[in-house]
Amino acid sequence: SERRYIRADGTDFWGHFSGKRLNNADGSLNALVGVITDITERKVSEEENARLQAELQQVQHLENLGSLAGGVAHDMNNVLGAILGLASANIQSLPANSPSHRTLGTIIKAAERGAKMVRSLLNLARRSPAEERELNLNEIIHENVQLLEKSALSRVRLVMDLEEDLRPMRGDAGALGNTFMNLCVNSVDAMADF
């Protein structure tokens, strides 16, 4: 059997006990012989292997969660973009104090809160390793501007002056997009007059 034993110097170790009964010619007990083999190195290796397996499963679980969150976020951003687009287009044609104007304002605020919740979900899921791949930075900016035009950027005029012949770069598209969106939203919020 395997268990912890204590050496004569007081230190403990993992050991494997094996015993054998030595009989006399008539079958009576002559002696019991026992050997304890130090298996500490093997046990430590097994424990480390188990710990690494648990970490690997956790990483795989987080990767699956990140993929799920990314898919949900993409679908939700499409839905929220449509809601924000319709509400933003219609609110401008209504008198400022009308009930319909207030209703559309509430819809816009709710959709913007939903977009923030989607970003929070993505941030939570991004505790998994970065999804690094070759990226076109201009495409990422254009995609995020399209999402933002219906909400945060609808209150300001955004002028883009992008270098056309950018070399591809390696990175995490979601993290870059999230950073860009946060910069835009924070910039708009910092403009007190809007």
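This section describes the β-sheet and a nonpolar surface patch in a predicted model.

The sheet is open and contains three strands, arranged in the order β1-β2-β3 with antiparallel pairing. From one strand to the next, the twist averages 50 degrees.

Pairing between β1 and β2 (residues 12-23) is antiparallel and extends over five bridges. Within this pairing, E2 is placed opposite H16 of β2. The two strands form a hairpin in which five residues lie between them. The turn of this hairpin includes G10, whose phi is positive, at about 95 degrees.

Antiparallel pairing also joins β2 to β3, here over nine bridges. N23 stands opposite L29, a residue of β3. The hairpin of β2 and β3 likewise has five residues between the strands, and a positive phi near 95 degrees is found at G27.

L65 contributes to a nonpolar surface patch of about 320 Å², together with L68, V72 and M76. The relative accessibility of L65 is 32%, and L65 therefore counts as partly exposed, a class that lies between the limits of 20% for buried and 50% for exposed residues.

Methods
Residues are numbered from 1 along each chain as its sequence is written. This is a predicted model: local features need pLDDT of at least 70, side-chain atom pairs count only at pLDDT 80 or more; totals for chains, interfaces and linings use all residues. Side-chain values use heavy atoms; hydrogens and water are left out. Two strands pair if DSSP finds at least two bridges between them. Helices (H or I, at least four residues) and strands (E, at least two) are DSSP runs, numbered from the N terminus. Axes are lines fitted to C-alpha atoms, for helices over the stretch in contact, and angles run from 0 to 180 degrees between N-to-C directions. Patches are made of residues with over 30% relative accessible area and no salt bridge: like charges are joined within 9 Å, nonpolar side chains (Val, Leu, Ile, Met, Phe, Trp, Tyr) within 5 Å. Accessible areas come from the Shrake-Rupley method with a 1.4 Å probe; for residues, only the protein chains shown count as cover. A salt bridge is a side-chain nitrogen of Lys or Arg within 4 Å of a carboxyl oxygen of Asp or Glu. Buried means under 20% relative accessible area, exposed over 50%, partly exposed in between (1.4 Å probe, protein chains only).
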